[in-house]
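Q: I have a new model to look at. Please take me through it in short answers.

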Protein chains: 2
Amino acid sequence: MRRDNTETRILETAGHVFAETGFQAAKVRDICARAGVNLAAVNYHFGDKLGLYKEVLRYACCAAGNAATFDPALPGRTPESKLRGFVRKLLQQIYGEDRPAWPVRLMTHELAQPTPAFDGVVDQVMRPKHDAIRNLVAGVIGRPADDRQTRLCAQSVMGQIIVYAHGREVLKRLWPDLQFTPETLDEIADHIAAFSCAGLKSLGRRNAAGKRKEKKLTAR
Amino acid sequence: MRRDNTETRILETAGHVFAETGFQAAKVRDICARAGVNLAAVNYHFGDKLGLYKEVLRYACCAAGNAATFDPALPGRTPESKLRGFVRKLLQQIYGEDRPAWPVRLMTHELAQPTPAFDGVVDQVMRPKHDAIRNLVAGVIGRPADDRQTRLCAQSVMGQIIVYAHGREVLKRLWPDLQFTPETLDEIADHIAAFSCAGLKSLGRRNAAGKRKEKKLTAR
DNA sequence: GACTGATTCAAACCGATGTTTTAAAATACT
DNA sequence: AGTATTTTAAAACATCGGTTTGAATCAGTC
């Protein structure tokens with residue numbers, strides 16, 4: 001069988017096209033032309049444009065080395081250094097040149113214009129990362145992972161990262177001098193990690209202080 | 001003239017539709033139907049779908065009380081309290097029910113699928129907010145507004161906010177229990193402000209320490 | 001009340017695009 | 001070889017959606 005050939009060629013091309021333009025705006029004719037296959041091939045193999053899209057999502061998520069990203073066994077001993085490693089990895093995944101910026105760009109489009117595959121995308125792309133961050137954060141501030149404050153902190157960390165993903169084009173205009181070299185990426189990752197750790201520890205201290213205060217209040 | 005009537009009705013309806021579905025996916029027929037005007041009205045009054053869109057942008061940005069948001073004379077004396085006020089205002093703008101979530105949602109769509117109006121949107125919607133945050137941040141860490149570190153910090157603050165705008169649908173799934181009451185909004189704003197101020201002050205301290213270290217090194 | 005210009009309307013136009021169809025050719029499997 | 005599965009090619013189909021058109025209506029003016 002060389003269904004291998006045609007099918008995967010479509011999948012990979014479609015991945016690029018969908019990532020560039022989103023599901024709606026992507027044209028089946030364009031995909032087929034770029035993949036060098038016949039127009040009817042999409043319907044033959046995937047039944048549907050949406051069918052192709054869903055398959056692309058699964059293909060992209062599995063093939064894109066995503067799994068490695070939320071490996072709990074990240075290098076570094078302290079929660080802080082783990083956090084830093086995680087942030088850097090995510091940033092590299094976002095800004096890696098040849099690396100598949102696929103899933104991220106697909107996410108951007110899904111956020112603006114959810115397709116029926118949205119829930120699947122959230123589960124496969126976002127949730128693992130969100131959970132990983134929550135666990136890391138929980139480690140730093142010493143609270144359970146499903147705690148309200150932990151979640152707020154996770155949002156804070158996540159936000160700092162994805163602003164570089166979703167705000168890419170905006171950033172180009174608001175800060176045109178910024179070049180994205182590997183060193184810059186490290187610099188940004190370090191900044192986010194330092195910024196976040198400071199915020200986290202401060203909240204930890206505040207919690208402790210709050211508890212002391214409560215004791216005082218109830219004691220008097 | 002009752003161009004008033006038809007034209008503004010189209011503008012307001014179009015604002016909603018564009019915000020919901022983005023420029024590409026928005027249908028002129030849909031807009032006209034909802035506005036209760038004839039199909040040809042759009043072309044007659046605005047020449048073009050894109051012409052309508054650009055007009056909507058101007059209309060939305062001017063009418064939506066956006067200007068108040070980046071008012072430099074924010075309440076609060078310290079930079080910290082100003083920052084907190086700013087964050088809260090932005091969040092309210094994002095999650096206000098009847099308030100125009102317009103510009104924000106339009107931004108989301110522009111990010112995923114830029115139209116020829118993208119530069120204008122950035123200038124009118126994003127840049128003022130970004131500049132305001134940069135100034136606030138600069139005030140907290142005591143560095144110039146166009147400093148590299150200031151910009152990184154501004155990104156950090158901005159990211160924490162817009163994750164609630166762009167990640168809205170994701171958040172619904174990742175944290176379904178979260179209700180968006182006004183109190184919750186305040187809570188989130190307080191969290192972001194506290195988190196950010198801690199990060200900012202820590203960087204300020206680190207800068208000072210770095211300078212001391214440099215002196216030591218050059219001295220020896 | 002007739003003229004003029006602006007506005008509105010219904011209908012048609014037309015290109016783009018997802019999908020299907022038909023037949024033939026190429027390939028893989030037994 | 002023979003059969004089933006893929007692939008190609010070209011065309012047609014159907015629908016959607018932006019745009020255009022030409023007639024009808026309305027508002028203001030002489």
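**Helix pairs and buried residues**

Q: How are H7(B) and H8(B) set relative to each other?
A: They are oblique to each other. Oblique is what remains once angles under 35 degrees are called roughly parallel, over 145 roughly antiparallel, and 65 to 115 roughly perpendicular.

Q: Before we go on, what kind of model is this?
A: This is a predicted model: local features need pLDDT of at least 70, side-chain atom pairs count only at pLDDT 80 or more, totals for chains, interfaces and linings use all residues, and side-chain values use heavy atoms, leaving out hydrogens and water. Residues are numbered from 1 along each chain as its sequence is written, while chains are lettered from A and ligands numbered from 1 in the order in which they are written.

Q: Back to that pair. At what angle do H7(B) and H8(B) cross?
A: Helix H7 (residues 118-141) and helix H8 (residues 148-166) of chain B cross at roughly 120°, and their axes come within 9 Å. Helices (H or I, at least four residues) and strands (E, at least two) are DSSP runs, numbered from the N terminus. Axes are lines fitted to C-alpha atoms, for helices over the stretch in contact, and angles run from 0 to 180 degrees between N-to-C directions.

Q: Which residues meet there?
A: Among them, B:Met126, B:Ile133 and B:Val137 of H7(B) and B:Cys153, B:Ala154 and B:Val157 of H8(B). Contact means heavy atoms within 4.5 Å.

Q: What classes of residue are they?
A: The contact of H7(B) with H8(B) has 10 nonpolar, 3 polar and 3 charged residues. Ala, Val, Leu, Ile, Met, Phe, Trp, Tyr, Cys and Pro count as nonpolar, Asp, Glu, Lys and Arg as charged, and the others, Gly among them, as polar.

Q: What about H8(A) and H8(B), at what angle do they pack?
A: About 105°, with axes 7 Å apart. H8(A) and H8(B) are therefore roughly perpendicular to each other.

Q: Who makes that contact?
A: A:Leu152, A:Ser156 and A:Tyr164 are among the residues from H8(A), and B:Leu152, B:Ser156 and B:Tyr164 are among those from H8(B). The contact has 8 nonpolar, 10 polar and no charged residues.

Q: New topic. How many helices and strands does chain A have?
A: 10 helices and 0 strands. Buried residues make up 50% of its 220 residues. Buried means under 20% relative accessible area, exposed over 50%, partly exposed in between (1.4 Å probe, protein chains only).

Q: How many residues of H6(A) are buried?
A: 10 of its 11 residues, and H6(A) is mostly covered. A:Trp102, A:His109 and A:Glu110 are among the buried residues.

Q: At what angle does H6(A) pack with H7(A)?
A: About 140°, with axes 11 Å apart; H6 spans residues 102-112 and H7 residues 118-141 of chain A. That makes H6(A) oblique to H7(A). Their contact has 7 nonpolar, no polar and 1 charged residues.

Q: And A:Ala193, buried or exposed?
A: A:Ala193 is buried, with a relative accessible area of 4%. A:Ala193 is found in helix H10 (residues 182-219) of chain A.

Q: Last one. Which residues touch the most other members of the largest nonpolar core?
A: A:Phe18, A:Leu52, B:Phe18 and B:Leu52, in a core of 134 residues. A nonpolar core is a set of buried Ala, Val, Leu, Ile, Met, Phe, Trp, Tyr and Cys residues joined through side-chain atoms within 4.5 Å. Not counting residues up to four places away in sequence, B:Leu52 touches residues including B:Ile10, B:Phe18 and B:Phe46.
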